[in-house]
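Please read the following report alongside the sequence and the coordinates.

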Amino acid sequence: MGIRSSPNWNPYDTSARKTFKSAVCHLLHSEFPGIFGPTISRLFADKIDELYDRFHPPRSRLTAGQVLWTGVAIDDPPTRNKRIEDTRLVPVVLDLVTAQDIDKAKVPRARTQTRLAKINRLFRQAHEQGAVLGHADVSLLLHMTINRLSAYVTNHERATGELIPRRGTIHDLGRSVTHKAIIC
């Protein structure tokens, strides 16, 4: 009689398989017939499903003041003619506004210190999560010019002697402090 006469058959089994992963398997079979077999399709769909989950976490994982952003993987440095589409990207959760930021905003003339702390925090949080941000990323997040951001970072590094982990210093890009100076 077919599958319905099977003792293990349950009418709800198909409902449980109506998933994003199943849709990806169907896409692979219909758009690329003969290239992807069932096993490869499932493996490929698993990877896509995992990637989707990383880049689209449920809102319950974020708290007020946090933002999901995409950085470049620390261990995927640039090479000649390497585009961002060819680079491993890492989604990170950043504290854009914290309770301390709000408290400091109430203090007269504390905005400069608050902004510097926020800049430092954003670069460090991304680094702790396996990614590096560039000046353009933090510039967009804080709605300030790249030149102004760069001035904050440079002045802080000169005053404290500590490097802020950003893409320029980690991946030796642009006009950032480079490892070449240390080597020489």
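The paragraphs below describe the fold, then selected local features.

This is a predicted model, in which local features need pLDDT of at least 70 and side-chain atom pairs count only at pLDDT 80 or more, while totals for chains, interfaces and linings use all residues. Residues are numbered from 1 along each chain as its sequence is written, and side-chain values use heavy atoms, with hydrogens and water left out.

The protein has nine helices and three strands, taken as DSSP runs (helices H or I of at least four residues, strands E of at least two, numbered from the N terminus). Along the sequence they follow the pattern α-α-α-β-β-α-α-β-α-α-α-α. Of the 184 residues, 29% are buried, where buried means under 20% relative accessible area, exposed over 50% and partly exposed in between, with a 1.4 Å probe and protein chains only.

One aromatic pair is counted, the rule being that ring centres of Phe, Tyr or Trp (its six-membered ring) lie within 6.5 Å, with planes under 30 degrees apart called stacked, over 60 edge-to-face and the rest tilted. The pair is formed by F20 and Y52 and is tilted, at 5.1 Å centre to centre and 35 degrees between the planes. Because F20 lies in helix α2 (residues 20-31) and Y52 in helix α3 (residues 38-55), the pair ties together parts that are 32 residues apart in sequence. F20 is partly exposed, with a relative accessible area of 39%, and Y52 is partly exposed with a value of 39%.

H135 is found in helix α6 (residues 135-142) and, leaving aside neighbours within four places in sequence, is in contact with F123, I146, L149, S150, V153 and R166. Q125 is placed in helix α5 and touches V93, L94 and D95, not counting residues up to four places away in sequence.

The relative accessible areas of the residues discussed are collected here.

| Residue | Relative accessible area | Class |
|---|---|---|
| F20 | 39% | partly exposed |
| Y52 | 39% | partly exposed |
| H135 | 19% | buried |
| Q125 | 14% | buried |

Contacts can also be viewed across the whole chain. Among those between residues at least 6 apart in sequence, 56% join residues at least 24 apart.

Definitions and conventions:
Contact means heavy atoms within 4.5 Å.
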